[in-house]
Amino acid sequence: MALLLLKLKNFYINQILPKISKLYLIIVNFLKKSNSKFHPLLHKFSHYNTLIYKKSGLSFLISKSIEFIKILLSGIRAKLALFTGSLIALTILFLSWITVQQQTSILTESYEKQAYISRKYIANLVTNLDNITQNLIRIEKFRTQIELQSKSRRKYKTSQVLQIEKKVDFFGFKTDLFGAMGKENIYRSKDTFYSQYLTKSDIETLEKKIKAEMDLAANREITDKEWKDLLSFARKYTELEADEKEKESKDTTLTKLRSELEHKVASFIISSKKKNIEELGLDTHRFRMQTFPLSKINLDTGIEPSFDTKVFNEESELAKLNESSEMKSSLEYAIQSVLEKPESNFLNYYESLNLQELDIQLLYSPLFKYPESTKRAYKLLDFESSLSQYKDFLEVDRNISAKIKEIHPKIKARIDFLKTRKPPIPPNRDKIFINLYKDYNLEIANRDAAFNELLEKFSITEDQFLGADSLRSLRESAWEDEILLRYRPDTSNLDRYVAEPEFREQYKKRWSELRAWVSEAKSELPSESLRKIIPDATIGKSRSEAEELLWDLDSTALYPIAGDSLAKTILSRNLTGIIRTIVDRTDGIQKIRENRNKAILSALIIGLLSIFLAIFISGIVVQKIKRIIKSAETVGSGDLEVTFEHGGEDEFGNLTIALNQMVSGLREREKIKGILGSMIDPVVVSEAMKDLQALKRGSEKNITAFFSDIASFSAISEKLSSPQLADLLNEYLSAMTIILKNYDGVLDKYIGDAIVGIFNSPIDVEDHVYKASLAALDMQFKLGELKKEWSRTNKYIPEARNMTFRIGLNTGLAKVGFMGTDALASYTMMGDTVNLAARLEAAGKDYGVDILASDSVYKEIQDRIYARKLDVVRVKGKTEPVVLYELLARKGEESTHIHTANQIYEDGFQLYLDRKWDLAIHAFHEYSKSKGIDDKSSKLLIERCETYKKSPPPSDWDGVFTRTTK
């Protein structure tokens, strides 16, 4: 937005401002020459001139607007406004997009519904045209086939000798002269079962039926010349197809001949169908349908339709539409897809193509030659979702198909054997043949019985009927389609089959008689009674040819373990081509686009209005937020006496109430924290503020326990007044506590003059043992300074100015946390580690040392703190010995004299451990002399040596002294 306004500013300065200036000069000159009554107006123009030239007029306004927008964009107001506006706009756009998709889908569905009836009619028309063309070709194939079969079957004829009376012609009358002429033998050939085949009369019947069908389709009588011309093309096709020449050139010529034949047939019929198409409502301006037979599809040389509805209206835009590369690619993909998956009943590969300024859609559907078996196959595929409950029947079907597959080779072999007999034996007179077909028919009966049992066991809905019925009748329907030559396929037969039980029984009777014709094997030709029950077709196969087809279907399971189902196989056999429907969606899509553009414009307008409205509303909100922020900043600076202004009755009001409660809570918290800080270590207070429950639960961790106590403080306190005692303790405890805190120690508690401290809890302290040791040494040094200062100022009593303290240090695992009751608890430490530290502090009195540490402490600090090894003791109640050390100074800060004296003590202690009592006593005396004091630790060990001299310890004595007091 800011960039847009900047461009607007530059345009104004460079383009608009010069023109305004010129116009201004013209007006000013006019006013100057005019009457003085225009002087006020002239003054206003002068003011405007100042605004333009001194402040750059609109340029100044634009600059200020840019600054305002920059400020606006930096705050929440613009973000909220943009978010609100964008969200609304995007929501509208998204809903518009969904609406466009829905409208497009509805439009497509509408076109599909409009095209369905016409496409179904066109499919039937094309199927009819293809059927007539195929029948014309079959007529000529029959001629050739009858001739070839007659020759091949001639060997199966037998000779018959007839004796007849000889006769003479006597005045126009034949007489045998009362037997006087005698007899003569006449030899005649006689057809057997195996020499029979279709006759020329069958061809003549077929010709009459097909010609009558063409007359009906063309709505006129086809002349003999026209009929012979059609048969001539069909004869050329069959002769070329039977020719053994080079396949590639033959295929091209065959395709050309078939196309010419199809166009000739179509030329008779199409003109009479135009009215039917118009009555069905096929809008040739919006729809164009093309059929592409698979027999003519050649992806390399091009794809030409066998039928195109543009013949009904060659002036429409769709009729003028030329085949484009996109349409060709779409068609190729559809053909490949339908070949791979013929069960896909409807294909739609391109939502939209823009060709020759038309917005078109391509719809595809497969074209099948046998409507009845095709529809049954589709219904059975739709029924597949229910097949899981019929698995027992399907298993029976597979077993029966396998048995039939074993039987029919035996039947074929038996027929071949019977043919070779002299004379050939008819199958219906052979017991083996009859028995084999009994087994065959028994399996068929078992399959029908299993199906009937299935119908009784499960309830089949009306919608499922044809799918379920096809489990039994798909084979018969497909077989009938293969062996019959239909004059005119009637697509209503299947509807009648479903709706009329009587019609259904007629079908079943016909199938039963066709099967009987095959299994009884009385004749290779169908009987007249059999021909009569099929009025709309003729049987175009001999019994043996029909038998081969029936064997193939009966021995194929509906759903084999491996491979395609029978329904898919039949669809692949029936697939004859593909229908492409070209839909002109230009007007519909244009309306949808107009609606989309309106929606987009509405979205932009509403979005902008939303932005401005959001800016206005958010301005009120922002002001409230700013007041809250200002008060919050005051709180952040430490002023807790702030009161947040009430924000109203909405969420801001609730927020200000909550903030005021928070500030009040902070004031109370600071007050409590201040009180607690004077009573409890601030570190503990801080951690309790973070997670009091964690401290209440407690934990076990490695800590360093610190205990200190003033020696003989009771005697000092008795000689001090209460104020003096309080001053002394406050000064001493303050100094010691500061040192404790300086080394990250936590004050556990004061017990009179005693200090209890914890290192490494509640917060972790790195190198806490060393820090505790340094704190003890610094406290020792600080006490010395305090005593010097008290002596210098003659403060307190002499005993106080000479007082000493004792410190005990130990490190190890301890339990830490708030301990006590729910009403009253304190943060402290417990465990053996703590107890030992307390006992070490008490033991310092016996050894006359200030700082006494355990060996666990010494191990951590021995490289950094100089110490004297005092003794090895076993404290009361414990079995493990403890080595005691006196901490003296930081390593490197000890004097040579101390170092030498300590070496004497440690040598004496080793002599003590070695049971060299006299030498040890001598060493301890030498240590006291070198120190110049009466050393209590040396005196203590001398007393032990004297005792052991009189009463030596046992042989397993380890040098550990067991203390009997705490």
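A search of the whole structure, a predicted model, finds 21 aromatic pairs. In one of them, the ring centres of Tyr 507 and Trp 511 lie 5.4 Å apart with an angle of 80° between the planes, so the arrangement is edge-to-face, a class that requires over 60 degrees. Both residues belong to helix H14 (residues 501–520), where a spacing of four residues separates them by about one helical turn. Tyr 507 is buried, at a relative accessible area of 3%, and Trp 511 is likewise buried, at 5%.

A tilted pair is formed by Trp 917 and Tyr 948, with 5.2 Å from centre to centre and 40° between the planes. This pair links distant parts of the chain, 31 residues apart: Trp 917 lies in helix H28 (residues 917–931) and Tyr 948 in helix H29 (residues 936–950). Trp 917 counts as buried at 11% relative accessibility, as does Tyr 948 at 14%. Ring pairs join Trp 917 and Tyr 948 with Phe 909, Tyr 912 and Trp 957 in a cluster.

Charged side chains also sit over aromatic rings. The charged end of Arg 376 is placed over the ring of Tyr 497, 4.4 Å from its centre, while Arg 864 lies over the face of Tyr 770 at 4.1 Å from the ring centre.

Helix H22 (residues 722–742) comprises 21 residues and reaches 30 Å between its first and last C-alpha atoms, close to the expected 30 Å. Its buried residues include Leu 728, Tyr 732, Met 736 and Leu 740. Asp 744, which follows H22, has a positive phi near 65°.

Terms used. Residues are numbered from 1 along each chain as its sequence is written. This is a predicted model: local features need pLDDT of at least 70, side-chain atom pairs count only at pLDDT 80 or more; totals for chains, interfaces and linings use all residues. Side-chain values use heavy atoms; hydrogens and water are left out. Helices (H or I, at least four residues) and strands (E, at least two) are DSSP runs, numbered from the N terminus. The expected span of a helix is 1.5 Å times one less than its number of residues. Buried means under 20% relative accessible area, exposed over 50%, partly exposed in between (1.4 Å probe, protein chains only). Rings of Phe, Tyr and Trp (its six-membered ring) pair if their centres lie within 6.5 Å; planes under 30 degrees apart count as stacked, over 60 as edge-to-face and the rest as tilted. A charge sits over a ring if NZ of Lys or CZ of Arg is within 6 Å of the ring centre and within 35 degrees of the ring normal.
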